[in-house]
Amino acid sequence: FVEGLSLDRGYQHWGPNGKDFVNVKETDEVLYENALVALYNGTISTSTDLYPLLRLVQDMREEAMASKKTVPALFIVAHNIVGDAYSYLLTNKTRAEYPVYAIKTPISGSPNSAALLLEDLATLTGGKVLTDEEIGIGLGKVTLDCLGEVKKVVGKSRETIIYEPQGKTEEIEVRVKSLKKQVAEAGNAFD
């Protein structure tokens, strides 16, 4: 039994460098209270892609520190983060410039399952799914209202748990009703 929402992805899915996200050495965990959540339906491959998101969060962090408020971390869920984008995240994390943690989107079943999971996470956290700018809101046009929020994120080797997502109750109820309707209308367990 797990309190919170358990996702079957952790820092180990990034390979040997994934452990660089760990900030609680005694338990080999990533632990952040009050995290902003960025959900990206695609692969982030360049630091240029990440820069607007990290700049937005950094500006917010500076405001919070100036007013002595809680400073949020950044939790990213994306299909993949590769190349210099991944290096950029780790460099910023290890320099303590941005408290950041990223996981690959958990995928199971149909090819659409990742996109559907991101939509569910967006509803739960009160955020939006970011995607290629030709299709929707891209990383270059991200604003604070695109980011979801959780009270706590705990990353382990093969699992990540989010606690107290801050989505709107009404929107969550609508999404649950929609999912129940889809299950009822499904012809079999694989639809």
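**Exercise 1. List the residues that line the second largest pocket, then sort them by element and class.**

Step 1. The lining consists of Asn34, Ala35, Leu36, Met60, Ala64, Lys69, Thr70, Pro72, Glu149, Val150, Lys151 and Gln166. A pocket is an open set of points on a 1 Å grid over the protein atoms alone, where a 1.4 Å probe fits, with protein on both sides within 12 Å along at least five of seven lines; lining residues have an atom within 4 Å of a point.

Step 2. Strand E2 (30-44), helix H1 (47-66) and strand E6 (148-155) each give two or more residues to this lining. Helices (H or I, at least four residues) and strands (E, at least two) are DSSP runs, numbered from the N terminus.

Step 3. Six lining residues are nonpolar, three polar and three charged.

The model is predicted: local features need pLDDT of at least 70, side-chain atom pairs count only at pLDDT 80 or more, and totals for chains, interfaces and linings use all residues. Residues are numbered from 1 along each chain as its sequence is written, and side-chain values use heavy atoms, without hydrogens and water.

**Exercise 2. Find the buried residues of H1 and what covers them.**

Step 1. Buried (under 20% relative accessible area, 1.4 Å probe, protein chains only) applies to Ser47, Leu50, Leu53, Leu54, Leu56, Val57, Gln58, Arg61 and Ala64.

Step 2. Their cover includes E2, strand E3 (73-81) and helix H2 (83-94).

Step 3. Just after H1, Lys68 takes a positive phi of about 60°.

**Exercise 3. Name the contacts of Ile76 beyond four places in sequence.**

Step 1. Contact means heavy atoms within 4.5 Å.

Step 2. Ile76 is in contact with Ala38, Ile44, Leu50, Leu53, Ile81, Leu89, Val100, Tyr101, Ala102 and Ile103, leaving aside its neighbours within four places.

Technical notes:
Ala, Val, Leu, Ile, Met, Phe, Trp, Tyr, Cys and Pro count as nonpolar, Asp, Glu, Lys and Arg as charged, and the others, Gly among them, as polar. Buried means under 20% relative accessible area, exposed over 50%, partly exposed in between (1.4 Å probe, protein chains only).
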